[in-house]
Amino acid sequence: TKKPEDKKLIVSAVGGTRDYFSGGISLSHPLAALKNRFSMEWNRAGSYIPDSEFDIINLSESSALNTDFGDYDFFFGYSNKDYGANTFYSNLYPREAESTDTRFFKLAGKIGSGCLRFEPKLFLRRHYDKFMLDKNRPGWQTNYSTNYTYGADLGFVIENPFLDAAYGFELSEDRIFSTNMQKHDRGKTGLYAEITPHIFDLLYINAGIRQDTFSDFETEYSPSVNAKYALFDFLSVRGSIGRSFRIPTFTDLYYRDVANIGNEDLKPENSYTGEVGMDYRSEFVVCSAGYFRRNSRDTIDWTRMNTGNPWRVSNIGTVETNGAEASIEIIPRKVEGSLPIDRFFLNYTALDSYRKHDYLSKYALDYLKQQISAGIDYSLFGFKNSWVLNYKKRVADTSSSVVVDTKLTKGIIKGDKLAFEAFLEITNLFDEDYSEQSGISMPGRWVKSGVRLEL
């Protein structure tokens, strides 16, 4: 989605185990003042467990026009996916399969004079979905749906030595036509404003508020305040507080089959989140630490009493979540006479949600309780090698997992206008058994190799 550049061609091809293949091409070519980029990518693979294969095609066209009367951008994206969804929606029927067809259009402009800029946007998204609860029983519990989301955003931006401000109006509508959920529509209007006063250089403050009015729910407000203060050139403290909300989706409200039961009486979920943190930055070390607390009310989740029951969606009540995170990144290459290490990083995240319950949660209370990520990039004998280690412990699991990935890259041709490289990549090197969602196994060891040409 980056803006088109000057003339550039990128071609890549990757192959691997499990019949994996990925091929892509991206061509940027300006036509006078109009910059264009067309990109295409195809990814496919066989199953690592039954019904986990996928076949995905992505296409996009991006154009940018800079004139004396403003800058204008156009984007079109297309994605077609066919994949097996083994136990993803329900363990009761593991032979699930899904096909989707998504098309997205956006037209945006930036028209400015002095300190005022007008930024209009028009957008349209069409999403087609075919879902089979059991692909071996054609026509049974099969849902066809088409969803349209379209609208406009009329925004204004003010930038001057005293403050930066943005305000605007958004109008959009969602429509769904479904064999299972029938026909529904939802209109939304939004008003928003935010301001960043320039008080003095060491202090950054941003405050904003948004009002969203829905045709099928009450009006919701989302205020927020963010601040950052530089104690020294290399050390700063920050804090934020804000309110957010989530409107039930059409699936939450209306979808029903033998394994998943929606709820037309759902209320919107809302939450308040506060965060404090500290950041350190020097020439070759960047690190940060933070703590946040989130209090969610009328939380929407799919639950059941045991694995033999269908999932049912409801407002499960209040959920209190506390989290802490810390990270450090070291770039020793910037230190003269250092080892041939390009980068080292270490990240830690801890999460804890409190709510007494005796049921199984599909989303809100099935989360990653602890994660440690460590990685190193180094260059040696003309090769670049990277290693990443991920330690993960989910709240519902008694055991933890350690997943190691590595990638070896060799630059064959290096030039200002021509670059060609080859690589070998292995994910889950030690074939660890782990999951990102309870009950759903992730792929074991996966070996891929390929080439990339840029000119």
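Is Asp-51 buried or exposed? Select Asp-51 and keep that question open while the model loads.

This is a predicted model, in which local features need pLDDT of at least 70 and side-chain atom pairs count only at pLDDT 80 or more, while totals for chains, interfaces and linings use all residues. Residues are numbered from 1 along each chain as its sequence is written, and side-chain values use heavy atoms, with hydrogens and water left out.

**Stop 1: Asp-51**

Asp-51 lies in the loop between strand 3 and strand 4 (54-67). Its relative accessibility is 3%, so Asp-51 counts as buried (under 20% relative accessible area; exposed is over 50%, partly exposed in between, with a 1.4 Å probe and protein chains only). Now display its contacts (heavy atoms within 4.5 Å). Setting aside neighbours within four places in sequence, Asp-51 is in contact with Gly-84, Ala-85, Asn-86, Pro-94, Arg-95, Glu-96 and Lys-135.

**Stop 2: the whole chain**

Zoom out. The protein chain has 1 helix and 28 strands; helices (H or I, at least four residues) and strands (E, at least two) are DSSP runs, numbered from the N terminus. The radius of gyration is 25 Å, close to the 23 Å that the globule rule gives for 455 residues, so the chain is as compact as a globular protein of that length. That radius is taken over C-alpha atoms, and the rule is 2.2 Å times the number of residues to the power 0.38. Along the principal axes, the C-alpha trace spans about 65 × 55 × 50 Å.

Colour by burial: 33% of the 455 residues count as buried. Of the contacts between residues at least 6 apart in sequence, 53% join residues at least 24 apart. The accessible surface comes to about 25,400 Å², and 59% of it belongs to carbon and sulfur atoms (Shrake-Rupley method, 1.4 Å probe; for residues, only the protein chains shown count as cover).

**Stop 3**

Select residues 8-16 and 20-28, which are strand 1 and strand 2; they run antiparallel and are joined by 9 bridges. Two strands pair if DSSP finds at least two bridges between them. Leu-9 stands opposite Leu-27 in strand 2. The two strands form a hairpin with 3 residues between them, and Arg-18 in the turn has a positive phi of about 60°.

**Stop 4**

Next, find the open sheet of 4 strands with the order 14-18-17-21 and mixed pairing. Strand 14 (260-261) and strand 21 stand at the edges, each with a single partner strand, so one side of each is left without a neighbour in the sheet. Strand 14 runs parallel to strand 18 (residues 311-315), and 2 bridges join them. Asn-260 stands opposite Trp-311 in strand 18.

**Stop 5: Asp-366**

Finish at Asp-366, found in the loop between strand 21 (360-361) and strand 22 (368-380). With a relative accessible area of 8%, Asp-366 is buried. Which residues does Asp-366 touch, not counting those up to four places away in sequence? They are Ser-361, Arg-394, Val-395, Ala-396, Gln-437 and Ser-438. For a distance check, pick the C-alpha atoms of Asp-366 and Trp-302: these residues are 64 apart in sequence and 11 Å apart in space.
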